[in-house]
Amino acid sequence: MTSTAQRLAAIRGDLPPKRHNARTIAALTGNPGCARRAVLDGAGVDKPRLAEAIGFPARFGQSRFAITRGNAFEAQVKADGGAELLRLVAERLGVPVPERAGWTDLGGADDLPDRHERSRRALTTQGPEAALFDHPLLGLDVAGQRVHLEPDLVAARLGGRFHVVEIKSFPVVDGQADPAKVAAAAIQSAVYVLALRELLAAEGHPEELVSHDVVLICPRDFGNRPVASLLDVRKQLLVLRRQLDRMAKLDALLDTVPADFTADPTADPATLAAGLRTVPARYAPECLASCELAYFCRNEAGGHTGALGRPVREALGGVATVAEVLALATGERAPEPEQEEAAALLRAAARLRADALAGNSA
Ligand code: SF4
């Protein structure tokens, strides 16, 4: 074990590391400035348990009903060796529906290196013209650490190229789906496209072998009939690459974390909370939908302008707290030179508000 790996194991405590998936990587790259999250995710800390231990349990995630419904839809789409799936994908890509296609399930309980090797061999060996690969084990380097991805996805080789196929249980109604859910599916799919490209590139294949067009399969309207759509994830790939490149190396981050820092959920809650406060965070309202520590960090960031989101942080640069904002808006406090612009904005907003209230009461 390297010293970094030992350090991360000590931070995690006596628990196996939580495995990453595309959702956690997508969320991680969505807040690259947060050292706290990078350290916890890099160490594979059980964040839901940690959040619960410190009294701020996470409140997001799919309901049991939604998970069951999603699993049933996925099983239905993949039934009969993926025959229906193959038809949907081929039709959406505009290629002839093959009469036969290989179906390889790369899932299993064997060791990660063995599974990775099976996936590599299956995906890089010439086989039938049309082939579907379920549960391929992929990998990506995240914050200086190798992360294994065990996607619940199918990689389809059709018409000489690979396409990532994502099966989601949110509905497409009248050709429209929830934009937030589509955006989340797009960034997660981009994680898979990138990981699949890396795997094939290591064998000398060009990245174009994996298409940037992802096939998204969802239930149509309010029934269970599947419908396929194409998602162009080129933009998401750029964002993902840039953010993965930008993320600080974990070694450098760990140098700034106190030597006795622990995030072991079985440790004393007060020690855990105090320890977490020593690792810088960058709370934003988006954390509520993507990080299990959001309620702890929101509580900690209370009263600070940064907690109100990026637009507020940018408009009020140099004004750190809500108390300062109010004092500057009322003129109770004179601005520092670097706060002049924000203070003028705040005074104008306060005047407008006062006028509006006076108008309402007139
Ligand atoms: S909730 Fe906290 S730890 Fe998680 S990304 Fe936001 S600021 Fe960082």
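**Figure 1. Domain assignment of the protein chain in the predicted model.** The assignment divides the chain into domain 1, covering residues 64-244, and domain 2, covering residues 308-361. The centres of domain 1 and domain 2, taken over C-alpha atoms, are separated by 48 Å.

**Figure 2. Packing of helix H1 against helix H3.** Helix H1 comprises residues 3-12 and helix H3 residues 35-43. Their axes lie 8 Å apart and form an angle of about 95 degrees. Because angles of 65 to 115 degrees count as roughly perpendicular, H1 and H3 are therefore described as roughly perpendicular to each other.

**Figure 3. Residues in the contact of H1 with H3.** On the H1 side, the contact is formed by Leu8, Ile11 and Arg12. Val39, Gly42 and Ala43 are their counterparts in H3. By class, the residues of this contact comprise four nonpolar, one polar and one charged.

**Figure 4. The second largest pocket and its lining.** This pocket holds about 480 Å³ of space. Its lining consists of 22 residues, divided into 12 nonpolar, five polar and five charged. Helix H1, helix H3 and strand E4 (145-149) each contribute at least two residues to the lining.

**Figure 5. Residues around the centre of the second largest pocket.** Among the lining residues, Arg12, Pro17, Gly42, Gln145 and Arg146 lie nearest the centre of the pocket. Arg12 of H1 and Gly42 of H3 also take part in the contact between these two helices.

Key. Residues are numbered from 1 along each chain as its sequence is written. This is a predicted model: local features need pLDDT of at least 70, side-chain atom pairs count only at pLDDT 80 or more; totals for chains, interfaces and linings use all residues. Side-chain values use heavy atoms; hydrogens and water are left out. Axes are lines fitted to C-alpha atoms, for helices over the stretch in contact, and angles run from 0 to 180 degrees between N-to-C directions. Helices (H or I, at least four residues) and strands (E, at least two) are DSSP runs, numbered from the N terminus. Angles under 35 degrees count as roughly parallel, over 145 as roughly antiparallel, 65 to 115 as roughly perpendicular and the rest as oblique. Contact means heavy atoms within 4.5 Å. Ala, Val, Leu, Ile, Met, Phe, Trp, Tyr, Cys and Pro count as nonpolar, Asp, Glu, Lys and Arg as charged, and the others, Gly among them, as polar. On a 1 Å grid over the protein atoms alone, a cavity is a set of points where a 1.4 Å probe fits but cannot get out, and a pocket is an open set with protein on both sides within 12 Å along at least five of seven lines; lining residues have an atom within 4 Å of a point. Grid points are joined across faces, edges and corners, and a volume is the space filled by probe spheres set on the points. Domain bounds come from an automatic or database domain assignment.
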